[in-house]
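Okay, let's have a look at this one together. I'll start with a loop residue and then move on to a pair of helices.

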Amino acid sequence: MRRFICGLMTAALAVSLLALPASAVEFSDIQGHWGESAIEQVAQWGLFAGTGNQQFSPDATMTRGMFVTVTERTAKLFQVYQEPVGAQSFVDVPADTWYTQAVAWASENDIVNGIGGGKFAPEVPVTREQMCVIMVRFLSACTDLDLTVYAQGGNSFLDGDTISDYAVDSVNVCVALGLIAGVPAAGGLEFQPQMPASRAAVAVVLQRLVSAVQQSGGGVVVPPETQEPTEEEKAEEAKAAEYLQIMLDKYRTSSYLPTTDQEVQDCMAILMSCIEDALVQREKGQFLDRNYVQDRYAAQITQLRVAYDSLTEEQINQLSNVIVRLADTIEPIYFVMDYFGVSIGI
């Protein structure tokens, strides 16, 4: 994942900045709340503002637009923020909202990918597992923490098997770093991965995240030069881009797709939204190697596999017919499927 190119903040500056005590941030609705201390601290850091009338609304749900905004503010706190180069490309994010630039920044730096179909869903609540995924991508982009070590620890949540496949490693990293602890339940702790995250919960997680970075000695670095792709890798990437464009063009003009069942069209929409976004990222200068593609679209590919598994035999035949019509020969189909790490029996 691409990291920020930015001026290096010294560890001494990081410690002095991040260790500031909480100021007297006055919210009328947090006294005695379990998140009171964290809310006061993150507000003092400038990561959160209130919701009006001196209220913080600690138990209100955090939307995806809100969450990306506080993540952007955290990058500014770490002094690793850079203005996004291009405009955001999600169709449901207007050009002039309070979260527009934050979404553009997060998307440009691979911290968020959207939900498919060119949408970001800024007003939809962010789930607890999505929160973990975004936080880990943020840490990967903004710090020098070796997150691979933390992902190996696993978790002991009673409902751990309900965590989406794409989010498991991120949840494990957050557990290992002490960013999340779980919700008490009979017999242990639950994670409740699909539940919306509250404003108080996000405040606590962000306070812990800042503390973890601070304890690492600042953790903010200028990344090393990325290795130049080989000629073979460049040729493969160019071939992938060519095939992606062919499939997207034929998808947009397909006369057969509208005759298929809605479930088939939904499956194709997931895949083609990934392809469309990949081509947009390439236009912005992103090199579409396999690792980048399979990492960026892991959530959508998992969603596609789940949707595919629910199809009837007749619908699978329809899907196969759609896909083989998206290229003049069979090679581009298998090449693209392999490139994205998709195996759905086509």
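So, where is Asp165 found? Asp165 is in the loop between helix 6 (147-151) and helix 7 (168-176), with helices here being DSSP runs of H or I, at least four residues, numbered from the N terminus.

Quick housekeeping: this is a predicted model, where local features need pLDDT of at least 70, side-chain atom pairs count only at pLDDT 80 or more, and totals for chains, interfaces and linings use all residues. Residues are numbered from 1 along each chain as its sequence is written, and side-chain values use heavy atoms, with hydrogens and water left out.

Back to Asp165: its relative accessibility is 62%, so we call it exposed (that's over 50%; buried is under 20%, partly exposed in between, with a 1.4 Å probe and protein chains only).

Now helix 5, residues 128-142. Of its 15 residues, 13 are buried, so the rest of the structure largely encloses this helix.

Which residues make the contact between helix 5 and helix 8? From helix 5 we've got Met131, Met135, Phe138 and Leu139, and from helix 8 Val202, Val205, Leu206, Leu209 and Val213; contact means heavy atoms within 4.5 Å. They divide into nine nonpolar, no polar and no charged, where Ala, Val, Leu, Ile, Met, Phe, Trp, Tyr, Cys and Pro count as nonpolar, Asp, Glu, Lys and Arg as charged, and the others, Gly among them, as polar.

Notes. Helices (H or I, at least four residues) and strands (E, at least two) are DSSP runs, numbered from the N terminus.
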